[in-house]
Amino acid sequence: MDPSFDTYKLAEEHEALRESVRALAEKEIAPHAAEVDEQERYPQEALEALAKAGFAAVHVPEAYGGQGADSVATCIVIEEVARVCASSSLIPAVNKLGTMPILLSGSEELKKAVLPSIASGEVTASYALSEREAGSDAASMKTRAHLDGDHWVLNGSKCWITNGGVSKWYTVMAVTDPDKGANGISAFVVHADDPGFVVGPKEKKLGIKGSPTAELYFENCTIPADRIIGEPGTGFKTALRTLDHTRPTIGAQAVGIAQGALDAARAYVKERKQFGRAIADFQGVQFMLADMAMKTEAARQMVYVAAARAERGEPNLGFISSAAKCFASDVAMEVTTNAVQLFGGAGYTRDFPVERMMRDAKITQIYEGTNQIQRMVMARSLLRD
Ligand SMILES: Cc1cc2nc3c(=O)[nH]c(=O)nc-3n(C[C@H](O)[C@H](O)[C@H](O)COP(=O)(O)OP(=O)(O)OC[C@H]3O[C@@H](n4cnc5c(N)ncnc54)[C@H](O)[C@@H]3O)c2cc1C
């Protein structure tokens, strides 16, 4: 047998990357995770540590000052940060989400203007598609943009915007031709200092409490004409293509949360004694752990396959990116719930991280399209011909 057979094996660089992100996450991010959650504060320490190590926006190509990490590497970074703090993992994840429309469809000038400061970790990016009345049905958005001389003027509001208020750059989808439905939507880049851009109050959430989620208001928000991403009318396509590339990153976040809960549960069951022995000795507990580990590993492999296919630029990514996000997030919810169960009463308290992980896992089933919407995308792909 040839020992160099490397199908289904990560590259050595990927494994080395995992080791260094894990070391950084455990040293610099994990110690603050409980407090970030408790105080519902932005994980500034995580931003600084990630930026210093070049991990805040690893996916940005070298040409724009980034690390040029491939999609699998980006997933590994997000996964390892999420293993200790899901809120912090939204720094690299949403930097990718916010910049992907520009990378996919933006002009060279726009890339040069926006990407370097994100790559360096100086600022972060957000992605603004959803509106209060346009969530799953995002194409029914009401935010408008019209050209006024050499400026676009935006009016309307976006909601649920991750890292809203912290980020400096926002990719914003808005209707430019109301008669054309989804083909009348365009994508823009808005800066926090642009006139008419206002950030609303933070949502009070179940989990990912360290990542602010805010409404954005555009009140005659005026931006230069060249801040449009691609041609007018291509914004919704760009928004959906972006999700093909970023749903695997939510899968990676989910895998990281699940792994964090599994690791905590493994350690606990070996220590905790009932009936005169470690609870890890009971087969009922062992089978739970085995299922948790099996499903987490299956989710991880699916996420890496989806990311690798996106990296290769394969067509028809819809099925695999939705499947990876949907499966991994359902696994994260199940694994974290079972981790709480294995801790017994202690799992229900904030003395241990598993209750935070269970709360954090829930969002992965909702954002970047709920898991019902992922199943619709998968079914549409299955029934296409
Ligand atoms: C913490 C948080 C962060 C977020 N971050 C961002 C962000 O950064 N940028 C951004 O643009 N958006 C963001 N979102 C928005 C998120 O993507 C939406 O909440 C999500 O797409 C669902 O939209 P909705 O909340 O309007 O739910 P709705 O669309 O109202 O759905 C309600 C329920 O109906 C179900 N449903 C809807 N339509 C169908 C259907 N056709 N078939 C079956 N079931 C259906 C849904 O699955 C869900 O269970 C975030 C949301 C949250 C909570």
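Here are some notes on this predicted model, going from the whole chain down to the ligand site.

1. Overall build. The chain carries 10 helices and 10 strands. Its radius of gyration is 21 Å, close to the 21 Å from the globule rule for 385 residues, so the chain is as compact as a globular protein of that length. If you want a box for it, the C-alpha atoms fill roughly 80 × 50 × 40 Å along the principal axes.

2. UniProt, in an unreviewed entry, annotates residues 12–122 as "domain: Acyl-CoA dehydrogenase/oxidase N-terminal". In the model that span is 76% helix and 0% strand, and its end C-alpha atoms sit 29 Å apart.

3. The unreviewed UniProt entry puts "domain: Acyl-CoA oxidase/dehydrogenase middle" at residues 127–221. Here the makeup is 0% helix and 51% strand, with 17 Å between the end C-alpha atoms.

4. Where does the shell around the ligand come from? Domain 2 (125–233) and domain 3 (236–383) each give at least three residues to the shell. By element, β1 (125–128), β3 (151–162) and α10 (371–382) each supply at least two. The largest share, three residues, belongs to β3.

5. Who is in the shell? There are 20 residues around the ligand, and the ones that come nearest are Ser130, Ser136, Trp160, Thr162 and Thr370. Sorted by type, the shell holds 10 nonpolar, eight polar and two charged residues.

6. Polar pairs worth a look if you open the site. Ser130 has a polar side-chain atom 2.7 Å from a nitrogen atom of the ligand. For Ser136, an N or O atom of the side chain is 2.6 Å from an oxygen atom of the ligand. Thr370 also has a side-chain N or O atom 2.6 Å from a ligand oxygen atom. As for cover, the ligand taken alone exposes 980 Å², and the protein buries 67% of that.

7. Putting the site together. Ser130, Ser136 and Thr370 are among the residues that come nearest to the ligand, and the shell they sit in draws on both domain 2 and domain 3. Of the secondary-structure elements, β3 is the one to check against the structure, as the source of the largest share.

Definitions and conventions. Residues are numbered from 1 along each chain as its sequence is written. This is a predicted model: local features need pLDDT of at least 70, side-chain atom pairs count only at pLDDT 80 or more; totals for chains, interfaces and linings use all residues. Side-chain values use heavy atoms; hydrogens and water are left out. A residue is near a molecule or strand if one of its heavy atoms lies within 4 Å of it. A polar contact is a pair of N or O atoms within 3.5 Å; within protein, one must be able to donate a hydrogen and the other to accept it, and residues adjacent in sequence count only if both atoms are side-chain atoms. Accessible areas come from the Shrake-Rupley method with a 1.4 Å probe; for residues, only the protein chains shown count as cover. Helices (H or I, at least four residues) and strands (E, at least two) are DSSP runs, numbered from the N terminus. Ala, Val, Leu, Ile, Met, Phe, Trp, Tyr, Cys and Pro count as nonpolar, Asp, Glu, Lys and Arg as charged, and the others, Gly among them, as polar. Domain bounds come from an automatic or database domain assignment. UniProt positions are given in the numbering used here, feature names are shortened, and annotations may be inferred rather than shown by experiment. The radius of gyration is taken over C-alpha atoms; the globule rule is 2.2 Å times the number of residues to the power 0.38.
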